[in-house]
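I wrote down what I looked up, in the order in which I looked.

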Protein chains: 4
Amino acid sequence: MRDVAEVRRLRIETPSWAYANSGTRFKVFAQAGVPRDPWEKIADAAVVHRLTGAAPTVALHIPWDRVDDYAALAKHAADLGLGIGAINANVFQDDDYKLGSVTNPDPAVRRKAVAHLLECVDIMDATGSKDLKLWFADGTNYPGQDSIRARQDRLGEALHQVYDRLGPDQRMLLEYKLFEPAFYTTDVPDWGTSYAHCLELGEKAAVCIDTGHHAPGTNIEFIVAFLLRAGRLGAFDFNSRFYADDDLMVGAADPFQLFRILHEIVSADALADAGIAFMLDQCHNIEAKIPAIIRSVLNVQEAAAKALLVDADALAAAQSAGDVLAANAVLMDAYSTDVRPRLRELRAEQGLDPDPVAAYHASGHQQEIEAARVGGVQAGWGA
Amino acid sequence: MRDVAEVRRLRIETPSWAYANSGTRFKVFAQAGVPRDPWEKIADAAVVHRLTGAAPTVALHIPWDRVDDYAALAKHAADLGLGIGAINANVFQDDDYKLGSVTNPDPAVRRKAVAHLLECVDIMDATGSKDLKLWFADGTNYPGQDSIRARQDRLGEALHQVYDRLGPDQRMLLEYKLFEPAFYTTDVPDWGTSYAHCLELGEKAAVCIDTGHHAPGTNIEFIVAFLLRAGRLGAFDFNSRFYADDDLMVGAADPFQLFRILHEIVSADALADAGIAFMLDQCHNIEAKIPAIIRSVLNVQEAAAKALLVDADALAAAQSAGDVLAANAVLMDAYSTDVRPRLRELRAEQGLDPDPVAAYHASGHQQEIEAARVGGVQAGWGA
Amino acid sequence: MRDVAEVRRLRIETPSWAYANSGTRFKVFAQAGVPRDPWEKIADAAVVHRLTGAAPTVALHIPWDRVDDYAALAKHAADLGLGIGAINANVFQDDDYKLGSVTNPDPAVRRKAVAHLLECVDIMDATGSKDLKLWFADGTNYPGQDSIRARQDRLGEALHQVYDRLGPDQRMLLEYKLFEPAFYTTDVPDWGTSYAHCLELGEKAAVCIDTGHHAPGTNIEFIVAFLLRAGRLGAFDFNSRFYADDDLMVGAADPFQLFRILHEIVSADALADAGIAFMLDQCHNIEAKIPAIIRSVLNVQEAAAKALLVDADALAAAQSAGDVLAANAVLMDAYSTDVRPRLRELRAEQGLDPDPVAAYHASGHQQEIEAARVGGVQAGWGA
Amino acid sequence: MRDVAEVRRLRIETPSWAYANSGTRFKVFAQAGVPRDPWEKIADAAVVHRLTGAAPTVALHIPWDRVDDYAALAKHAADLGLGIGAINANVFQDDDYKLGSVTNPDPAVRRKAVAHLLECVDIMDATGSKDLKLWFADGTNYPGQDSIRARQDRLGEALHQVYDRLGPDQRMLLEYKLFEPAFYTTDVPDWGTSYAHCLELGEKAAVCIDTGHHAPGTNIEFIVAFLLRAGRLGAFDFNSRFYADDDLMVGAADPFQLFRILHEIVSADALADAGIAFMLDQCHNIEAKIPAIIRSVLNVQEAAAKALLVDADALAAAQSAGDVLAANAVLMDAYSTDVRPRLRELRAEQGLDPDPVAAYHASGHQQEIEAARVGGVQAGWGA
């Protein structure tokens with residue numbers, strides 16, 4: 001059987017924007033101490049890594065994290081013990097993008113969007129990032145608004161241009177999402193669309209699964225398993241939801257689903273060194289941000305630890321015997337186990353506080369940033 | 001059989017906020033010519049009524065439409081041929097409301113929220129509005145965050161306080177919504193909750209059905225029929241959606257559903273003078289706003305006209321004979337009919353342009369407002 | 001804090017039909033040893049109770065469990081240590097019911113259906129059952145097929161006739177279901193409809209929540225909390241699902257949801273002696289039936305035990321302080337705890353085998369019934 | 001602009017099993033006059049073609065339509081003016097298939113299943129059928145029950161064996177379905193899975209879209225457009241639904257969706273001679289079967305006629321101008337048009353009765369079959 005200590009090999013990437021303000025279309029509630037710039041976001045990410053030992057990289061979002069000197073930003077991160085993770089392109093917040101970015105009917109807008117994506121590869125070069133993460137808000141709101149097929153042609157063309165620019169060690173991660181902000185069609189609505197484009201592009205393109213981006217009832221672990229088998233699972237954007245793309249803390253809405261996803265990962269021996277980026281992508285609209293991110297890291301660890309506890313031999317035996325209840329019981333035994341004591345031990349062995357959330361509250365960091373980060377403009381989705 | 005001309009009795013209320021900017025959490029795309037204040041919103045609403053002859057009232061949203069002198073605002077509307085429709089309370093955009101308004105665990109916040117609702121009744125008095133429309137964003141994002149039952153107690157208490165303040169000819173319309181912005185529980189998530197509170201409150205409380213606020217698969221016309229039978233259908237917030245609360249133009253996503261809803265209305269003889277307020281509640285994020293609202297009014301008219309075409313005797317005969325296909329065919333015959341020629345005739349008889357959208361484009365209004373409404377701050381959800 | 005040992009007060013009712021064959025519209029897979037008649041079903045139910053100590057009643061389904069002498073059947077149950085639970089009426093399997101039972105447009109069919117419901121009350125009298133459980137397959141498949149409002153009138157009338165026949169200690173439990181077998185409208189599609197009819201009927205009518213009968217995204221624990229507050233939660237039909245009414249083992253698809261439901265029950269002090277019947281309603285299409293039912297009983301116990309572990313004071317404190325993460329953490333701490341060791345202890349204290357599933361396999365019962373129950377017609381949904 | 005008369009080129013295939021009894025897991029309601037064998041099913045299909053002129057082929061389902069002499073069956077069809085359409089394999093109704101067919105953990109069951117699929121190709125040879133349609137009920141009901149990845153391996157292997165057996169003019173159509181009868185995972189749950197396997201197999205494999213097999217909110221016309229662009233749209237199984245796989249008459253639940261699907265077909269010039277098989281796959285559980293099938297053919301014709309009415313030049317102009325409302329209006333103008341008069345004219349020109357449903361009722365066929373088809377065993381899903 002596997003050793004739960006393997007969970008220490010799991011690296012979770014936190015997103016710079018989760019440290020900033022976020023909200024719904026109805027209201028963004030500001031929080032005290034929120035970063036005003038990318039440097040402060042990275043400082044917060046470093047706190048999460050220092051306390052968990054499991055979050056060694058931070059993802060950037062351009063233009064939200066635009067700075068004059070990206071090498072300096074990467075140096076700042078490195079000084080704090082962090083690497084730069086994926087560069088997330090943003091082609092949905094300019095007025096030009098009202099009807100789409102790379103799929104816009106206007107070729108000038110498409111050129112502008114592609115130029116931004118290429119700029120993101122430049123930033124990858126400057127920061128040492130290996131992954132370009134692409135999510136397109138592109139789509140239509142009304143039947144007839146645009147040609148679905150023509151938009152696919154434009155999408156394919158833009159992706160090729162960007163793909164060709166990638167360096168030998170750089171990847172393109174193509175995310176999909178059912179809806180929002182587009183409300184009739186979305187140009188990359190499901191894993192099939194993302195996968196098909198990745199196949200056309202080549203080996204450096206892989207699918208990114210955001211756990212909140214599916215139609216109701218979609219079996220996410222099936223997609224995980226399928227893409228693992230096909231060698232095209234590039235990354236996760238972890239979060240959770242009860243309804244649509246709610247962006248709650250991962251594991252908060254359906255911890256059993258998270259466990260089933262990690263079970264697929266573990267059973268394919270892909271928890272580490274398999275080229276899968278495990279990233280968070282969440283919105284802490286009403287809860288304290290840094291503790292929520294720490295909690296999210298712990299939730300992924302707990303799910304992974306339980307997945308490591310699955311007795312693979314017993315499972316395989318029950319499966320091949322066609323014993324439905326026995327096979328299910330093997331899985332449930334692992335899930336029902338309380339792995340928190342063992343994880344606390346593992347942290348202590350690593351020289352970490354066994355309870356990172358409590359350690360955060362005891363650290364004084366929150367009081368510090370609330371006192372220090374006064375004035376200026378708090379970071380949010382718009383900047 | 002009924003006369004399609006009855007459609008002229010159908011009055012559709014347009015919402016002041018639909019003339020202003022709106023968007024998603026990702027981006028609000030500003031449009032040229034958008035109103036800067038309630039006076040300009042009402043001016044736009046008057047254009048819609050002038051061209052359609054069917055939209056004689058405009059709903060206000062407080063505080064978005066806050067002015068110093070509400071009587072003057074009502075006078076302004078009247079001068080333009082409009083009445084003031086429902087007053088829509090807003091208790092979701094202050095920082096205090098992060099964890100709820102009337103259901104907030106903090107009694108001070110609850111008092112503040114109730115005070116706002118009472119202020120809205122004052123505005124009803126001042127403007128002659130007969131309907132207080134209540135939609136609560138209240139809810140929780142995480143399991144355990146608050147007590148579901150305690151929140152119902154607080155909700156009931158607040159509703160009672162407001163209900164008691166209503167004048168003899170004033171009503172309370174209680175809207176429900178499955179989710180957003182709350183992502184775990186919503187305090188009034190479905191028609192059953194709204195209906196139960198209305199029963200407790202008394203005769204002046206009725207349910208408002210927003211067509212976009214249901215779980216996937218919900219049969220809206222069933223709810224319409226049930227509430228009509230129970231005498232508690234107070235209003236509609238019309239819009240349409242493919243996914244969640246997309247707020248697209250009514251009839252754009254599922255015109256057959258809109259027809260089925262109107263069929264319930266017509267078959268209960270409730271198209272006019274039955275105390276049902278037919279309101280639009282939409283977000284024209286990417287399309288031109290005034291033409292979209294005109295189009296929405298026409299869509300409701302077309303659905304109503306088709307519903308009036310249903311051969312009620314033939315339908316009843318087929319239903320009581322248990323002839324499934326014949327009964328369905330009666331309904332589909334009406335739905336398949338192109339009612340637009342007849343509606344154009346009816347408009348011409350009323351002295352209206354038969355094609356209100358074309359008439360709008362020919363009117364020069366759009367060019368006028370784009371030229372005039374320069375400077376200042378465009379109205380939107382935040383103001 | 002509560003004592004987990006309270007879980008021993010929780011009584012779970014198993015359904016006679018779950019011991020029989022079931023399947024989908026595509027295929028019913030027969031299993032060896034399945035009962036051929038109600039007497040054998042009750043024998044199996046007794047095994048479940050003997051091993052778990054938690055399933056002291058068995059629900060019957062008429063006509064599937066029709067016998068000549070109901071008193072003798074009750075005696076048979078009593079001899080095996082069981083009581084008779086709810087009598088479940090079945091008005092959906094005669095050819096007459098093609099277009100509905102109590103809501104059928106044909107009054108003769110309605111009379112026939114009501115007569116069956118009254119017969120069920122007779123059976124309650126004969127067996128000592130206190131609960132009449134009503135689920136209506138009634139509805140329509142096509143728009144226009146029948147009048148939604150007229151069907152509500154017919155429903156109300158039938159319910160009144162049956163309600164008036166109830167004895168002083170008998171209840172009516174009215175179940176709802178979104179869809180299937182009706183595919184356009186269902187006459188009792190949601191809790192609101194059931195609740196409204198119960199209010200009209202009187203104190204002896206209460207709502208039955210089948211956990212698999214909701215639209216996607218419905219928050220079931222909200223309904224639980226609402227009905228508890230209103231004093232109208234009469235029963236559960238427990239099962240689980242990933243999609244529609246899949247009727248999987250309770251707790252198999254979303255154990256966290258089951259915990260949240262039990263948390264509402266426990267926090268309202270309604271785990272026992274509160275008039276709520278906790279019933280299973282499942283289909284073990286491909287898994288062994290008796291072990292699956294035992295497992296289901298254990299799953300409900302585990303969820304209840306975790307709910308009993310919730311630190312109510314800490315939860316209330318965090319809630320009233322508006323500390324979202326702390327409140328959620330209190331809940332999650334209880335959920336993350338492995339309660340199986342404590343439940344095994346409690347069983348041992350009761351003189352039960354700590355592992356009822358293993359005890360079943362060791363008991364020889366399965367081999368016995370497979371050897372004995374040869375010939376005859378296996379029981380299923382059709383008989 | 002296109003000519004609505006093009007609709008005469010649209011050929012719709014009817015399924016033999018839709019003429020037989022069907023139902024839900026709760027009840028199959030038998031209908032008078034239903035066929036007792038494949039010969040009678042084909043006779044009914046011939047009536048539909050004779051009256052509509054649009055349904056020249058009939059799909060078979062093996063083993064439901066198993067006969068001793070398939071050449072004779074094809075001759076029987078030809079004598080009645082029909083061709084044999086797709087051969088639909090059935091590997092879900094033997095007890096062996098309880099845990100799957102081609103993905104079963106037991107290799108003996110997999111061999112049996114593949115043998116059946118190969119037999120279906122033999123039947124294609126014997127009947128002149130060009131299409132093998134594969135839908136697999138395979139999947140699991142419980143997490144852990146089987147390995148998702150191993151099942152994909154088995155699936156791929158089986159498909160390859162069958163694909164290699166296809167003749168040069170024969171195709172494999174691979175259908176997908178979200179759920180039912182499997183309730184946790186389905187081995188071909190979505191178009192992406194089907195498409196990926198088709199890519200691996202080769203040019204003779206294409207995707208079959210059953211309109212009722214998607215998660216809620218899925219945009220079906222997007223999938224249509226994507227597969228058309230990729231050259232992998234092989235067939236439709238038309239039907240409609242409000243909830244899950246309801247199998248109602250196509251166009252009954254959402255006629256606007258059907259129109260949008262046909263719009264994608266027409267705009268890709270794929271209404272005829274493009275290798276797309278337009279098939280019905282429906283269950284007429286409570287309505288008269290032959291008239292329901294005729295009605296379904298008419299519904300597809302009406303949607304196609306409306307799609308042909310779309311002013312493609314105006315649409316393209318509005319789309320490239322980014323005029324959302326104008327583009328949508330072009331589509332809605334076509335949809336709002338009543339095409340029934342023109343379709344009646346076209347039928348008259350073809351020597352058909354303009355109203356095929358009325359013609360059926362006048363034909364005496366129903367009375368004839370009800371009188372003649374007495375005794376024997378009515379056909380249904382089980383035979």
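First I looked at helix α2 (residues 70-79) and helix α3 (residues 107-127) of chain C, which pack at an angle of about 50° with their axes 8 Å apart. Axes are lines fitted to C-alpha atoms, for helices over the stretch in contact, and angles run from 0 to 180 degrees between N-to-C directions. Helices (H or I, at least four residues) and strands (E, at least two) are DSSP runs, numbered from the N terminus.

A note on the source: this is a predicted model, where local features need pLDDT of at least 70, side-chain atom pairs count only at pLDDT 80 or more, and totals for chains, interfaces and linings use all residues. Residues are numbered from 1 along each chain as its sequence is written, chains are lettered from A and ligands numbered from 1 in the order in which they are written, and side-chain values use heavy atoms, leaving out hydrogens and water.

Next I checked who touches whom: Tyr70(C), Ala71(C) and Ala74(C) in α2(C) meet Ile123(C), Ala126(C) and Thr127(C) in α3(C); contact means heavy atoms within 4.5 Å.

Then I turned to chain D and found a closed barrel of eight strands, β1-β2-β3-β4-β6-β8-β9-β10, with parallel pairing. Two strands pair if DSSP finds at least two bridges between them. Neighbouring strands of this sheet are turned by 30° against each other on average, direction ignored.

I zoomed in on β8 (residues 205-210) and β9 (residues 233-238) of chain D, which run parallel and are joined by four bridges. Cys208(D) has Ala235(D) in β9(D) as its bridge partner.

Last, I saw helix α7 (residues 255-267) of chain D lying across β9 and β10 (277-280), at about 160° to β9(D).
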